Every structure is written in C-alpha cells, then in structure tokens.
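Trainee: Before we discuss this model, could you put the sequence and the structure on the screen? I would then like to go through it by question and answer.

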Amino acid sequence: MSKTILEGLNPQQKEAILHNGGPLLILAGAGSGKTRVITHKFAYLAKKLSPNSILALTFTNKAADEMKARIAALTKKDLRNSWIGTFHSQCNKILRKEIGVLGYNRDFSIYDEDDQCNLIRHILKEFKIYEALYKGILSRISSLKSASITPEEFLSKGDGFGFEDRLARVYIRYQDELKRCNAVDLDDLIMLTTKIFEEHPDILKKYQQRFQYILIDEFQDTNTAQYKLIKLLASSHKNICVVGDDDQSIYGFRGANINNILNFEKDFPTAKVIKLEQNYRSTQNILHVSGCIIKNNPKRKAKTLWSERKGGEKVLQCWFGTEEEEAKYIAKLIKGLYLKGMYDYNDFAILYRINLQSRVLEDTLRHEGLPYRIVGGVSFYHRKEIKDIIAYMRLALNRDDNVSLRRIINCPPRGIGDSTLSKLEQEAKKKSISLFAAIKNVIKSGGVTSSAREKLEGFLSIIDKISSGKYKDAADMLSKIYTKTGYSEFINDERAENVQELIASAEGKDIKEFVDRVSLITSVDDVDNSNAISLMTLHSAKGLEFPVVFIAGVEEGVLPYFKAKGTEEIAEERRLLYVGMTRAKDLLWLTGAKRRKLYAKVQEQEPSRFLNDIPEESCQKIEKILKDTPYTAARKQRIKTFKPAAAYSVGARVRHPKWGIGVVRDCYGEGDDQKITVNFPEIGIKRLALKFANLERIR
DNA sequence: ATGCGCGACCTTTTT
DNA sequence: GGTCGCGCAT
C-alpha cells in the first residue's frame, strides 16, 4: 500500500507525505506535482485515520472534485461522508448544523454577488446614498468581511464622522438585513463559522476532535478570515499541512492575504518547511526566464525551479505595430505549428490580462478558420432566467428571503409595481416581519386596492402551491415552477433552452442540496474537450498547462495594468505574468503592440517593465513576421522527454466507454502519469490520462 | 409599465 | 466603444 503511495515520487515529495503530524508548510513551485503530493498525503494519512476525520480544503469545486476522484482511486475508500471540499461548501455543511446558536434558521439562503448587490442597493436607497456607489461599497464590505472585521469593530475604529462612518452604518444594516432574510453571503459562510467557534468553545472542540488532520490547498489564496478559521481548528493538535506557492498569489484584490503563507512559520513555530522545486512541466529555459522575472519581487520565499527537460526553445518575444498584427501573427504561428503536425489545437493557449483583449484574437482566429474556445467568462448560473427560477425555489424553502421575493414578485410581470411593493416594505418594516408575511397582513387588513389585492393573492397562491407540492427531485420542482409561475410563456427560446438545461442538470438531485450547489458554484463544470485553442485571462490559466503558450499584450498599462500603482500591486502583476509563463511546457511567446486601442482611444504602448528582467541569451526577439516558425528544438525536446510507453503503440485501435473507437496518436509519460492521445472519428483528438481513461484495446 | 437618451465607467473574480 | 443605470417621457 505505502509502496504505491510513494512510488515514483522525488525525495522532497516523499518527505512531505511521510512527515508525521505537526504543522507542515509545503512550498510547491509551479508544476511541481502539488496535487499529487496532496492526494498521496491524504491516502497515506487515511491508512491510520478514517478518511472522514481529515479536513481537506480547496478553493474551487473543480479542484475538490479532482482531489476526491484521485483519492478514491488511490485508497478505494468510501468518501461520501468525507470533508473534502471548498472552504465555502464545508463551512456551509457546518453552518447547516450549527447556525441555530446565532439565531438563524437552518434553512438559510446563500446569497451570491448578485443578491448582495440587490440588497446593498435596497439599503442605499433608504440611506439616501448615491446608489451608483453600490459596487464600491459592496467591495469594501466584502473586504472587511474577508479581513474578519465585524461591523461593530469597524464602527468603533472610525471617528464617528464622514464616509467611513456611513460605510460602517451601511455594513451594520447590511448584516442585519441578511439576518432578517435568514440569509448568509459567501463571506458569512466563513465568518459565521468562525464566530460560532469563537463564541461556543464546546462546538469548536467537537470539530477540533473530528478533524484529526487539516490539509489546505492553494494556501496562498486564503484570506485573513479563512486563515483565522483554520487556525482555530488546528490550534489543539496542530496537525495541519498547507500547500501553496507565494509566487502564484494573484487574488490579492479579492482579499487573499499573501502574508498567510509568509507568516505560517511564525504562527506555527514548530512548522516544518518543504520546498518542491522540481518542475515536471516546462523546459529549463522557460523556468529560467520566468525565474528571472519573479525573483525581482520583494518578500518572497525564494525557490529555484529546475527541470529535467534541459535547454528547450528560447522564449520568444515579439513586438508589433498594432494589436491586430499581434493577433494575426499568433494565428499564423498556430496554423503553422498545427500543419506541421507538431501540435493539436488544444495544445495552444493564448493568455491575456484583460478580457477586452480577447475580441481581436477571436475575430482573427475566426477569420483564419481556427477553432477556439473562451475559458471562463459569464457563468451559467448568473443568467437572469436561471436566477429567477432559483429565486422561486429559495423563497419556497425560506419565506424570509426578501431578496428573492423582490426579485420575482413581478417576474414574470403580474402587475405588482413599485407602489404596491413600497406598501409591503412599509408594512414589513412597521411590524418587523418579512415581505412575505407582509403580503398576508396587507391582504387581511385591506391596506391595498382591490385590484392589487387580487394580484397579491395570486402571487401568494403560486408560492404556496410551490412549497406545499411533493416533488421527486429538484428537476421536478424546477419544471413545476417553470410552468406554474407563467415563466415558460414569458421568456424567449434561447432563455427557455437555458432553463431546460438547468432542469436537466437537477435530475435526481435532492432539492436542498441542489440549491446549495447552485449558490456555491460559479461555472458549469462543462467538460469541454473539443479540439480548440484556449483563450483566457491570466487568472483563469492558473492550475492549467499547455505545450504552447502565448501571452499577448505584455505592455506597460496592460501588464502591469495601469491601475496597479503600489509596490504590492505591481508585485501581483509580476506574479500574474509568472503564472502565465509557467503554464508553458515547450514554447512560450511574449507579445505586444506599439499601438493598442483601449477603451475607444488608441494608445502608444511601451514594452512591459517586466521584460527588462529577461536575460538576452534566453530570449529570441523577433521584430518582423518570420517565414519559418522555430520549432525544431521543441520537437527534439518532446521526443527526448516523452519516450513512447509500452502500453499502447501509435496506430493501435482502442475503445473508450463514451467516445467509442479511436486510433492512438501518441502515448507518453511514465507510471501514473501516462498520457495517451487518441483520435476518435466524429469527436476529435483527445488527450487522456491512461490511468483513468478506461480504454479497451481492440484489434 | 416600458422606452429612450444621456452620462459615467471601465481589471482580474476560485466561492 | 459598449454597457449599465438613471430619470424623464409616454
């Protein structure tokens, strides 16, 4: 057992896994096999401990799912009751049990950013603060919460005058309103859990005993509130292992506190520190150049990544007249490399700092007939029609949820306008009751015109019908909502399709679990394996890797973005570039344009200051468009590093459970990391991990 | 209740 | 350049 767990690992990785109890900080450089170490460490721990007594926290659902799948494959243990998940989902789990002590009801709603905005705007109207400020105010409140500062603390810090004081009052009111709605926002999931632990030592003790070991992934992304929470949980046994890379901290603007990683050793003086510096992804050259850039950051835990893939192609720098030329050249290069058979479309990624850069790139790729996909972007669950339908569901489960009620009381339109609504608001305020209860009161007391009363009765009976109905699953409930509310007649075809998709995704799911999932998920985990070039922001690229990476717009004002002024902000921009560069396995291009259209005006652009840190000899600068694409070294590199494994030979036929029969195009890697590339007719070329692919060899 | 014109504003965004 | 929100007009 422990043989398989430690097989194929380097000494540092082994040390990290075998380290016995006590605080451990694993500084895992880009591409150093971090996920592997975490999952194997979990498996190792699970030999002695029940898997359900290990708390393993990630930041994304995707990372959590992947971790679960890999641990399940490794340990063959039942993980249905495990505590592997995101910070938010695991806190939600705790709150659903314990929130009673704070005076909330267990059926609380979870508000996302959209709901938060609605609530803040509602409050600002009442406070007579210019409503357009809501975004700024919400972000201030959110950063207070992520820094674990309560409304009362913030108010007591202020001088009692001016904007800060008013902000404090809005914050207090906001928190009150949430409670009145029996709702928590995403920051509350962390903050309220912490609050319970602080105020109820017995509850804290229960969870301290339950979690014998704590594992945290992407530790550089934790905010102060999250760190406070895990310090509480780890304080008795100090069996805590955090894994992260300070050089990849790029979410400071969302409250992530890089000092958490820098201070871990101070907070846990007996902490062992292990550095994972062997990179299994990029060529030595790419690592060298990205290392030259990141080493200029102040306050970092120095790491020197190295790779067995010695040498490699030089990093290519290219400077163009305009962003159109930049895009065109990138497209031509991709086409050239593709036609030479070196790479597939999904081997390429084009990364950029700001979303608006994607437009020219998209236009050009389309024009050149190259397939692409945008990664990230607007979330499915953020769409109006989806949020509306979910709001009905939420209101049926939690009648105090005023935000959801306001959202749907007149959607689809049923003639309940502002005047009726403000009567309801008044009544609710006067009697300190929810809007839903206010509707009942107003109907009884005859506080509205008879036509308004009829309409309110109609709305009431819809909600009553929804909440008294018996449903076999979440899909059943959603589809009844969709028809009974009149929503289905109200929307256009495209939106109707989205609703159908939502209903389909709820098939067989428990209603409450489904609502939670929707609130805690951002994007649909669509497994888009289509053979296409990936376009995304540098932020979205974190955690991914591609054989060929282009970083576009490496210019002053774009990267670093012009709004980044202070040293820490510049340092974060530098890390952003570093994250982008370390995504590349074989080839890396840094491009820029002399003139770029930004927000309707053409700007003269200078090369990014970060480029000055790149040593001449590791870089190739190209001023004009070349006829030949430089790829020979990369090809040699590939052949050397990826020796064909014996498992499948190129040209062999295999069957995949989902995609049918295909032809093996490539097979490489060793041990658990064996990868296979298969061309499935109709579906296209897929790159698969041999271990999980479930392939069947056929003759 | 809806439609339109005007002005302000622009990042990144795991949950 | 394009979006979003507001206020005013119907």
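Trainee: Among the contacts in chain A with a separation of 6 or more, what share comes from residues 24 or more positions apart?

Mentor: A contact here means heavy atoms within 4.5 Å. Of the contacts in chain A with a separation of 6 or more, the share that comes from residues 24 or more positions apart is 75%.

Trainee: Where do these values come from?

Mentor: This is a predicted model, in which local features need pLDDT of at least 70 and side-chain atom pairs count only at pLDDT 80 or more, while totals for chains, interfaces and linings use all residues. Residues are numbered from 1 along each chain as its sequence is written, chains are lettered from A and ligands numbered from 1 in the order in which they are written, and side-chain values use heavy atoms, with hydrogens and water left out.

Trainee: How many helices and strands are there in chain A, and what percentage of its residues count as buried?

Mentor: Helices (H or I, at least four residues) and strands (E, at least two) are DSSP runs, numbered from the N terminus, and chain A has 28 helices and 23 strands. Burial is judged by relative accessible area, where buried means under 20%, exposed over 50% and partly exposed in between, with a 1.4 Å probe and protein chains only. Of the 699 residues in chain A, the buried percentage is 55%.

Trainee: Which residues are the closest to DNA strand B?

Mentor: A residue is near a strand or molecule if one of its heavy atoms lies within 4 Å of it, and 25 residues surround DNA strand B. Of the atoms of DNA strand B within 4 Å of the protein, 59% belong to sugar or phosphate and the rest to bases. The closest residues are Arg 254, Arg 353, Asn 355, Thr 522 and Thr 537.

Trainee: How far from a phosphate oxygen of DNA strand B does a backbone N or O atom of Asn 355 lie?

Mentor: A polar contact is a pair of N or O atoms within 3.5 Å; within protein, one must be able to donate a hydrogen and the other to accept it, and residues adjacent in sequence count only if both atoms are side-chain atoms. For the backbone N or O atom of Asn 355, the distance is 2.8 Å.

Trainee: Which residues are around DNA strand C?

Mentor: The residues around DNA strand C are Arg 121, Glu 131, Tyr 134, Arg 359, Tyr 599 and Ala 600. Sugar and phosphate make up 54% of the atoms of DNA strand C that come within 4 Å of the protein. From this group, the residue with a polar side-chain atom 2.8 Å from a phosphate oxygen of DNA strand C is Arg 121.

Trainee: Is Glu 572 buried or exposed, and which backbone nitrogen lies 3.0 Å from a polar atom of its side chain?

Mentor: Glu 572 sits in helix H26 (residues 567-581) and is buried, because its relative accessible area is 12%. Not counting residues up to four places away in sequence, Glu 572 touches Ser 249, Ile 250, Tyr 251, Gly 252 and Phe 253. The backbone nitrogen at 3.0 Å from a polar atom of the Glu 572 side chain belongs to Gly 252.

Trainee: Why does Glu 385 count as buried?

Mentor: Glu 385 belongs to helix H17 (residues 384-397). Leaving aside neighbours within four places in sequence, Glu 385 is in contact with Tyr 487, Arg 495, Asn 498 and Val 499. Glu 385 counts as buried because its relative accessible area is 2%.

Trainee: Where is Pro 560 found?

Mentor: The peptide bond that joins Leu 559 and Pro 560 is cis, with omega about 5°. Pro 560 is found in the loop between strand S15 (546-551) and H26.
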